[in-house]
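Here is a colleague's note to read beside the model. Keep the structure open and look up each residue as it is named.

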Amino acid sequence: RVSNIKAQTILPDGRRIPLQQADIFEEGDEETWLYKVFTLPGVEEHCIIEYQYKYNDNSIAVLQPKYFQSRLYTEYCEFSMTLPQGFEYTALPRNTPDNYSAPEATEILTPDRKTLKKYTWVVHDLEPIKDEPYMYNREDHLFSILIQMVSYRDQFNNITFIKEWEDMNDLILEEYDPYMGSSGLLKKLLTEVVPSDSTTGVEARDLFLFVRDKITLSEFKHFWPDPMYNVIKAKTANRVEKNLLLMALLRQAGFTADPVLISRRSNGKISTLAPALADFNHLIVQLQQGGKSTLLDASSAYSTFELMPADNYSGIGLLVAEGEALLVSFPMDPAHSTRDVLTTCKLDESGSLKGSFQIRSTAQFAYSLRRDFADAKDEMTFAYDDIVDHIPGIIVDSVRFDMNMDDFDAVTKLNIKG
């Protein structure tokens, strides 16, 4: 929880305009996130903005990352963290500036004679990080510190949370254990895909399509899944639970499948220097079949057996399996995607340009078109908002789509006249 917000604007002539507490508001939803929102008063060119706040986090295992850089020049920034006795944390700095120095550590004795440890980072003169072409994720370029619990010790307890990659692997394995083995519940669910008296057997693709299409997607909140019984009974699962269920069904059917934790490209890169749970924000399935490894994501309504959403292709993930923790690499570029556009135009005597577009898309281009088409209000809105939005003043006369929404491996075709 954020509290004790103080802020002021220092004008070029030295005058200070403080932020009034009455001008701090809350927005958002108590069930998810509440935001403290305010506008600094009197901001003008060449002024200095100062603000400070206190952040209390009851989630002691993984704290919110601290970012020291923004789109504005940072003249001075101080960040302090106070820990109760017995707690040990790791603080992993990223994109450290040349003038970076380790935090100063001090001890605080409380009135009840307990010793707290306070760590303070001080940085200054940080250049702004501005958006640039082909910058996929701004956070990958900011100086930041990721803070995560290592252990807790007192006279009765000696608990290790995550110190090495093996600790993270073991922790996640323990949480996912109910999904890792065979069960009568999974055997019964398999009969909904392939009847027990079938002579053809079950295909991995069939299991993928069943989970993708028949299990309703719910809101994702964290990596720790609900009991598998609840997921199967409700036929509802968040994106992690959907892929865990897919993995469980694949294993039940005799396939070799394992969960892989990844950071989507929009979430930023994984640091391989030290394990940080906050690095990861999604789970996919690695299927080994016929000497070939296939990555699957049944949580996206428009994924195919061969193609995940482009955001998944971040290049590295943590394979969650018994034994030594293993970081696996996979291509950052998905399957070759093409978009062919045939334009036929004619300029008439009045100076008007009339013609048509024929667009043929495959792989990720087709994926994006199907997703946008499904979300569009109607076909004409889709044409204006997603196809010809880059052409000012265009008037669309008619549209015709060959958008196969049953076979996502099929090519998408569009014909637009204007």
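Which residue in β21 does K346 stand opposite? Point 1 has the answer. This is a predicted model.

1. Start with strands β20 and β21. K346 stands opposite K354 in β21. Strand β20 covers residues 339–347, and strand β21 covers residues 353–361. The two run antiparallel, and nine bridges join them. Together β20 and β21 form a hairpin, with five residues between them. Look for G351 in the turn: its phi is positive, at about 90°.

2. The helix pair. Now move to helix α6, residues 363–375, and helix α7, residues 379–387. Two packed helices are described by the angle between their axes and the distance between the axes. Here the axes come within 9 Å and cross at roughly 135°. That angle makes α6 oblique to α7. The crossing of α6 past α7 is right-handed.

3. The three-stranded sheet. What is the order of the strands in this open sheet? The order is β7-β10-β9, and the pairing is antiparallel. The edge strands are β7 and β9 (104–109), since each pairs on one side only. From one strand to the next, the twist averages 25°. Take a look at β9 and β10: six bridges join them, and they run antiparallel. Within this pair, A105 stands opposite Y119 in β10. As background, in a regular strand the side chains alternate between the two faces of the sheet.

4. Side chains of opposite charge can pair when their charged atoms come close. The structure holds 11 salt bridges. One of them joins R71 and D131, with the closest N and O atoms 3.1 Å apart. Where do these two residues lie? R71 is in the loop between β6 (66–67) and β7 (74–83). D131 is in the loop between β10 (115–126) and β11 (144–153). The pair therefore ties together parts that are 60 residues apart in sequence. R71 is partly exposed, at 44% relative accessibility. D131 is also partly exposed, with a relative accessible area of 48%.

5. R212 pairs with D213, and their closest N and O atoms are 2.7 Å apart. Is R212 buried or exposed? R212 is buried, because its relative accessible area is 9% and the cut-off for buried is under 20%. D372 counts as partly exposed, at 21% relative accessibility. R371 counts as partly exposed too, at 33%. Some bridges share partners: R71, D131 and R138 are joined this way into one network.

6. The cysteines. How many disulfides does the structure have? The count comes to zero. A disulfide needs two cysteine sulfur atoms within 2.5 Å. The cysteine sulfur closest to that of C47 belongs to C77, and it is 17 Å away, so the two are too far apart for a bond. C77 is likewise in no disulfide, with the sulfur of C47 as its nearest cysteine sulfur. Are these residues buried or exposed? C47 counts as buried, at 18% relative accessibility. C77 is buried as well, with a relative accessible area of 14%.

7. Positive phi outside glycine. Two residues deserve a check here. N4 is not a glycine, although its phi is positive, at about 55°. N4 lies in strand β1, residues 2–10. Its relative accessibility is 51%, so N4 counts as exposed, the cut-off being over 50%. H46 is another residue other than glycine with a positive phi, near 70°. Where is H46 found? H46 is in the loop between β4 (34–37) and β5 (48–55). H46 is exposed, with a relative accessible area of 66%.

Technical notes. Residues numbered from 1 in each chain as written. Predicted model: local features only at pLDDT ≥ 70, side-chain atom pairs only at ≥ 80, totals over all residues. Heavy atoms only, no water. Buried < 20%, exposed > 50% of the residue type's maximum accessible area, 1.4 Å probe, protein only. Salt bridge = Lys/Arg side-chain N within 4 Å of Asp/Glu carboxyl O. Helix = DSSP H or I, 4+ residues; strand = E, 2+ residues; numbered from the N terminus. Pairing = 2+ DSSP bridges. Axes fitted to C-alpha atoms, helices over the stretch in contact; angles between N-to-C directions. Parallel < 35°, antiparallel > 145°, perpendicular 65-115°, else oblique. Left-handed = near helix turned anticlockwise from the far one by under 90°.
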